[in-house]
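Please examine the structure shown here and consider the questions that accompany it.

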Amino acid sequence: MTNQPTQQWGSRLGVILAVAGSAVGLGNFLRFPGNAAEHGGGAFMIPYFLALIFLGIPIGWAEWAMGRYGGRKGFHSAPAIMGVWCKGGWGRFAGVLGVLVPLGVYFYYVIIEAWCLYYFWLYCTGGIGLTPGADAPTQAQQARDFFTTVIGQSENGSTFSNGMSGMLWSFLVTAALNVWFVYRGLSKGIETVCKYAMPVMAVLGLVVLARVLTLDAPPGTTGQTVNDGLGYLWNPHWEELTNFKTWLAAAGQIFFSLSVGFGVIINYSSYMKKKDDVVLSGLTASATNEFFEVVLGGLITVTASVVFVGVTLTGQSTGSSFSLGFNTLPVVFAQMPGGVFFGASFFLILFLAAITSSLSMLQPSQAFFEESLGISRGKATALVTVWGLAGNAFVLWYSKGLTALDTIDFWVGAFFILVMAGLQIFAFGWIFGLDRGIAEAHAGAHMHIPKFFQFVIKYVAPAYLLVVLVGFCVNNMPGYIDTLRGNVTTAVAANDATKKQIAADYPAPAKLTYAWTQVDGPPVALGDAAKDKTSFPFHEPPDARNFKVKFALDVSDGTAKKTYPVEVEVDVESPGTARLTWGFLLLTIVGLVAIMLVGAKRWRAQGRDLDGRQPAND
Amino acid sequence: MLANTELTATGWTFMLVSCIGVTWLTIWCFKKVLFPPHDEPDLPGGLGP
């Protein structure tokens, strides 16, 4: 071990705000409203709150308790702490996920954070250049084109092609801020940032919310009111509750939003003392995240979007956080009185939400390097900086179709998080023992974990999580595996708005038939187009890249026929880049496992209780 | 343009219950964190040395 003093939090409020800051991110403001609008509106809140009660809060409590217990044994990294809780070496291997996930997500998250900073800067200096007075679809296209250029989506390396562009400066500033605050340490760095950023975010969010709730659509635009915008998101569509994907989306939203299974809470709570409360702290951090998500995320973005750009354009963007945030909302700000100010405020909120999250992604790696290799905090920061920058550079360079970003996001930012959370709750309830785990959680606690939740932690949460994991894999994994194998398939599908339009045009329960005709774009084989579905898959030629295909979808109930336009943007994931990304991830995994093994050898040589055989000291 | 999406009574209910619920929980938690009862002893528990 180094002779540096052990880090600790400055105050109880500080650690709560740091965990809440880690949880509150872009997903609260962009992913949540899109998810809710697509999956049943108000009805979505039923599976959403059930997932909060049966997954998010109990797993969070387990993680808080595990981290603090590990910290009392002198460990601060997920591999070491999981080794203690799992009573053996396999726990340390599993715990590597608790470092891989935050580090891997950091590879791309900082890039998105830099987009937010860049947009904030642009709004501070007048906006992103949408033509004033143009109609919403024209401005939406301009916003899309601008965003495509900023993120370098059309060609690998295009972000670098114009020298030091504004985007690259934003990235450098963002990366430097992250490294600086992490180097400053827990109390002076992360805690200080979160103590200021969280209240600023809340105040700015409430200001923007107040403006959105008092909006009037300008004459000659959509004619939609705030009431329509709120109705678009909150009116319940009960039929969606019978769709498994709705339950999966709700569980996923809760899961990824609360930062459980991420390796962050376990690290942050390891710096707490035995007398520090973890039960109320965990609940407070979760509640804070929910406030930002449901109140601010649920009332601002989609409402404003419906008022200014209408239901159709909003419906086309709710399926993608990036589309809603960077393509549609700039149109809203271009049409809204005082839009430059509110645009700057909104992107500042996004940037603050993102930086409080990205700081939490570096800290677990830094702690892991420090305690495994026995190096100083400065050297650990240097190592995490180099590793992080290598990942950032990889994602920035392989920007075409955002393939690298998407590949890491799926495998590391979704799949491994579910696996890690499953391992944690299993270790807490079944290996360490529920009674011992609950007793540990209750030490210093200002409230008890109700008996009901103890049953949930032992049985319900692991089973619920298993169903979510299996459902997630069945729904998503084949596509990503196909990409790696080079067998790329795209689904041509009517979007949500068109489906709702069809449902409105054919309200009577009749069997509808569908016929597809291609009207534009490279020829697509229509042989797979089913007559009873609003979608069909087609295999793209190996040399296909990003292009648009337009179809006419004829719908008939046997008596009346109507035609709907369907436009599909084929954003082909490059198999080569996907494989290269996996190569980079494998190198990262091997490196982290090697460091963990070095650490285990050192800890054993120091006579430390790395297999959790002895009780923890106070 | 799609059918009318005006907020219905059920929509109002879902929105208000959700927003008021999470706001109340957040305020309740922060109140307990920032103003803990002075005479509240730590609950027993912990694995001990």
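The questions and answers below concern a predicted model.

Q: How far apart do the C-alpha centres of domain 1 and domain 2 of chain A lie?
A: Domain 1 of chain A is made up of residues 12-486 and 576-605, while domain 2 covers 491-572. The C-alpha centres of these two domains of chain A lie apart by 33 Å.

Q: Are helices α15(A) and α16(A) roughly parallel or roughly antiparallel?
A: Helix α15 of chain A spans residues 321-335 and helix α16 of chain A spans residues 339-373; they pack with their axes 7 Å apart, at an angle of about 150 degrees. Angles over 145 degrees count as roughly antiparallel. The relation of α15(A) to α16(A) is therefore roughly antiparallel.

Q: How many nonpolar, polar and charged residues form the contact of α15(A) with α16(A)?
A: From α15(A), the residues Gly325(A), Leu329(A), Pro330(A), Phe333(A), Ala334(A) and Gln335(A) take part, and they meet Gly339(A), Phe342(A), Gly343(A), Phe346(A) and Leu350(A) of α16(A). By class, the residues of this contact are seven nonpolar, four polar and no charged.

Q: Which classes make up the side of chain B that touches chain A, and with how many residues each?
A: Chain B has 49 residues, of which 20% count as buried, and its secondary structure consists of one helix and zero strands. The contact takes 44 residues from chain A and 30 residues from chain B. The side of chain B that touches chain A divides into 16 nonpolar, ten polar and four charged residues.

Q: What separates the C-alpha atoms of Leu258(A) and Gly56(A)?
A: Leu258(A) is placed in helix α11 of chain A, residues 244-258, and counts as buried because it has 30 C-beta neighbours inside 10 Å. Beyond its neighbours within four places in sequence, Leu258(A) is in contact with Ala23(A), Gly56(A), Gly60(A), Ser286(A) and Asn289(A). Although Leu258(A) and Gly56(A) are 202 residues apart along the chain, the separation of their C-alpha atoms is 6.7 Å.

Q: Is Ser259(A) buried or exposed?
A: Ser259(A) lies in the loop between α11 and α12 (264-268) of chain A. Its phi is near 70 degrees, a positive value in a residue other than glycine. Since 30 other C-beta atoms lie within 10 Å, Ser259(A) is buried.

Q: What does Lys87(A) count as, given 14 C-beta neighbours inside 10 Å?
A: Lys87(A) belongs to the loop between α4 (78-86) and α5 (89-95) of chain A, and its phi, near 55 degrees, is a positive value in a residue other than glycine. A residue is buried at 20 or more such neighbours and exposed at 12 or fewer. With 14 C-beta neighbours, Lys87(A) therefore counts as partly exposed.

Definitions and conventions. Residues are numbered from 1 along each chain as its sequence is written. Chains are lettered from A and ligands numbered from 1 in the order in which they are written. This is a predicted model: local features need pLDDT of at least 70, side-chain atom pairs count only at pLDDT 80 or more; totals for chains, interfaces and linings use all residues. Domain bounds come from an automatic or database domain assignment. Helices (H or I, at least four residues) and strands (E, at least two) are DSSP runs, numbered from the N terminus. Axes are lines fitted to C-alpha atoms, for helices over the stretch in contact, and angles run from 0 to 180 degrees between N-to-C directions. Angles under 35 degrees count as roughly parallel, over 145 as roughly antiparallel, 65 to 115 as roughly perpendicular and the rest as oblique. Two residues are in contact if their C-beta atoms, placed from the backbone, lie within 7 Å. Ala, Val, Leu, Ile, Met, Phe, Trp, Tyr, Cys and Pro count as nonpolar, Asp, Glu, Lys and Arg as charged, and the others, Gly among them, as polar.
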